[in-house]
Amino acid sequence: MDSSGEKVVAVIMVGGPTKGTRFRPLSFNTPKPLFPLAGQAMVHHPISACKKIPNLAQIFLIGFYEEREFALYVSSISNELKVPVRYLKEDKPHGSAGGISYFRDLIMEDGPSHIFLLNCDVCCSFPLTDMLEAHVRYGGMGTMLVIKVSAESANEFGELVADPITKELLHYTEKPETFVSDLINCGVYVFTPEVFNAIEDVSSHREGRANLRRISSFEALQSATRNIPTDFVRLDQDILSPLAGKKQLYTYETMDFWEQIKTPGMALKCSSLYLYQFRFASSHLLASGDGIKNATIVGDVYIHPSAKVHPSAKIGPNVSLSANVRIGAGVRLISCIVLDDVEIKENAVVIHSIVGWKSTLGKWSRVQAEGDFNAKLGITILGEAVTVEDEVVVINSIVLPHKTLNVSVQEEIIL
């Protein structure tokens with residue numbers, strides 16, 4: 001993209017409390033977008049990527065969480081990155097495309113030439129600047145980030161067919177029952193403002209059909225009331241599918257990592273992916289230590305400045321320690337997220353687990369799992385303020401908040 005000063009804005013869809021149900025029990029305490037991955041809020045990673053876009057004017061977070069849940073975070077991240085970040089609360093869910101249309105006037109107040117749209121629960125390297133340059137070359141209304149996956153997993157996502165030469169989107173279908181393509185939608189887009197006209201066309205067409213039914217018969221009126229609201233517009237079914245093959249939408253393929261963060265297991269996996277990426281983009285965030293003055297550090301590890309770690313502990317790989325964590329002598333941590341105010345006492349072991357806020361792990365206790373990020377009990381999760389007493393072993397289990405474990409458990413959900 002040239003440097004003519006054309007402004008760009010970014011919109012990140014953060015959903016709401018009814019959306020993060022698969023993220024429980026962790027979403028009981030904090031909105032899913034604010035859950036820390038590699039020591040930073042989930043939404044921080046796409047926000048940081050947006051900051052690197054040339055001529056970025058504003059970043060909007062759109063969702064239906066209460067504004068108070070995001071107020072502190074939005075204020076601190078705006079100051080930290082020196083870019084305006086605003087949270088916009090929907091009065092009700094409007095769909096992935098309807099949400100940006102609902103706030104059209106605010107999004108367009110800087111007169112941007114391009115609008116990025118990202119889903120918060122996507123984990124990738126966010127090649128946004130390269131994507132924008134490709135989008136300008138294509139000359140279409142929108143460009144979507146895509147990636148190749150295995151044929152077996154493709155039907156879990158939106159599958160698409162693109163022209164191998166021009167990269168035009170030719171066909172799009174959301175979670176098809178039969179195999180279409182191993183190319184899938186990554187949930188990251190860049191559009192020109194023309195996208196608002198396309199969304200408006202969907203709403204107008206739907207409203208027109210509803211009016212037609214009202215004229216037809218009373219029975220048709222009853223069925224019309226059960227239809228999708230005119231202002232609820234889905235990006236995939238209502239925009240991408242109908243406009244495919246019309247020289248308006250194009251694709252940009254990433255060869256890097258990409259995951260969707262729907263569950264705590266995937267959060268743990270994505271935390272490790274972001275930790276690895278810190279090597280190249282933010283190496284100052286990674287801890288180091290040789291076991292003499294500081295704990296022994298193995299691989300990629302983030303330790304919050306306020307955490308206290310005994311020099312005889314061994315941490316890593318793929319470990320994130322949050323604020324005010326206390327790690328005792330001889331502790332071993334591998335592939336885990338340890339949240340604020342947790343105490344892990346002497347010689348405890350934590351592997352493939354997430355330890356919730358204010359929890360306490362006793363001496364010689366073990367909290368571990370097999371590390372199957374896709375399985376329901378593939379990682380062990382301790383909710384807020386869980387106490388695991390001395391020498392107790394917790395394997396492949398989920399423990400809800402405020403529980404005390406004085407006997408060992410395996411493959412259980414402790415309610």
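Helices (H or I, at least four residues) and strands (E, at least two) are DSSP runs, numbered from the N terminus. The model is predicted: local features need pLDDT of at least 70, side-chain atom pairs count only at pLDDT 80 or more, and totals for chains, interfaces and linings use all residues. Residues are numbered from 1 along each chain as its sequence is written, and side-chain values use heavy atoms, with hydrogens and water left out.

View 1. Helix H8 covers residues 235–243. Its buried residues (buried means under 20% relative accessible area, exposed over 50%, partly exposed in between; 1.4 Å probe, protein chains only) are Leu235, Asp236, Asp238, Ile239, Leu240 and Leu243. An α-helix has 3.6 residues a turn, so residues three or four places apart point the same way. Just after H8, Gly245 has a positive phi of about 80 degrees.

View 2. Two strands pair if DSSP finds at least two bridges between them. E1 (residues 8–15) runs parallel to E4 and is joined to it by 7 bridges; Val9 stands opposite Gln58 in E4. E5 (residues 85–89) is also parallel to E4, with 5 bridges, and here Ile62 stands opposite Leu88 in E5. Between E4 and E5 the chain passes through H2, and this β-α-β crossover is right-handed (with the strands pointing away from the viewer, the path from the first strand over the helix to the second runs clockwise).

**View 3. The second largest pocket.** On a 1 Å grid over the protein atoms alone, a cavity is a set of points where a 1.4 Å probe fits but cannot get out, and a pocket is an open set with protein on both sides within 12 Å along at least five of seven lines; lining residues have an atom within 4 Å of a point. The second largest pocket holds about 1,000 Å³ of space, where grid points are joined across faces, edges and corners and a volume is the space filled by probe spheres set on the points. Its lining has 41 residues, of which Gly39, Gln40, Ala41, His44 and His45 lie nearest the centre. At least two lining residues come from each of strand E3 (40–41), helix H1 (44–51), helix H2 (67–81), helix H5 (128–138) and helix H9 (264–281). H2 gives the most, 7 residues. By class, the lining divides into 21 nonpolar, 15 polar and 5 charged residues (Ala, Val, Leu, Ile, Met, Phe, Trp, Tyr, Cys and Pro count as nonpolar, Asp, Glu, Lys and Arg as charged, and the others, Gly among them, as polar).

**View 4. Strand E20 and the strands paired with it.** In E20 (residues 332–338), 5 of the 7 residues are buried, and the strand is mostly covered. E17 (residues 314–315) pairs with E20 in the parallel sense over 2 bridges, and Lys314 has Arg332 as its bridge partner in E20. E18 (residues 319–321) pairs with E20, also parallel, over 3 bridges; the partner of Leu321 in E20 is Val338. E20 pairs with E22 (residues 349–355) in the parallel sense over 6 bridges, and the partner of Leu333 in E22 is Val350.

**View 5. The open sheet E16-E19-E21-E23-E26-E29.** This open sheet has 6 strands in the order given, with parallel pairing. E16 (308–309) and E29 (404–405) stand at the edges with a single partner strand each, so one side of each is left without a neighbour in the sheet. E16 pairs with E19 (residues 326–327) over 2 bridges in the parallel sense, and the bridge partner of Val309 in E19 is Ile327.

View 6. Cys50 is in no disulfide, and the nearest cysteine sulfur, that of Cys124, is 10 Å away. Cys50 counts as buried, at 0% relative accessibility. Cys336 is likewise in no disulfide; the nearest cysteine sulfur, that of Cys270, is 16 Å away. Cys336 is buried, with a relative accessible area of 1%.

**View 7. Lys148 in strand E8.** Lys148 is found in E8 (residues 142–148). Lys148 is exposed, with a relative accessible area of 52%. The C-alpha atoms of Lys148 and Val386 are separated by 40 Å, and the two residues are 238 apart along the chain.

Methods
Disulfide = S-S within 2.5 Å.
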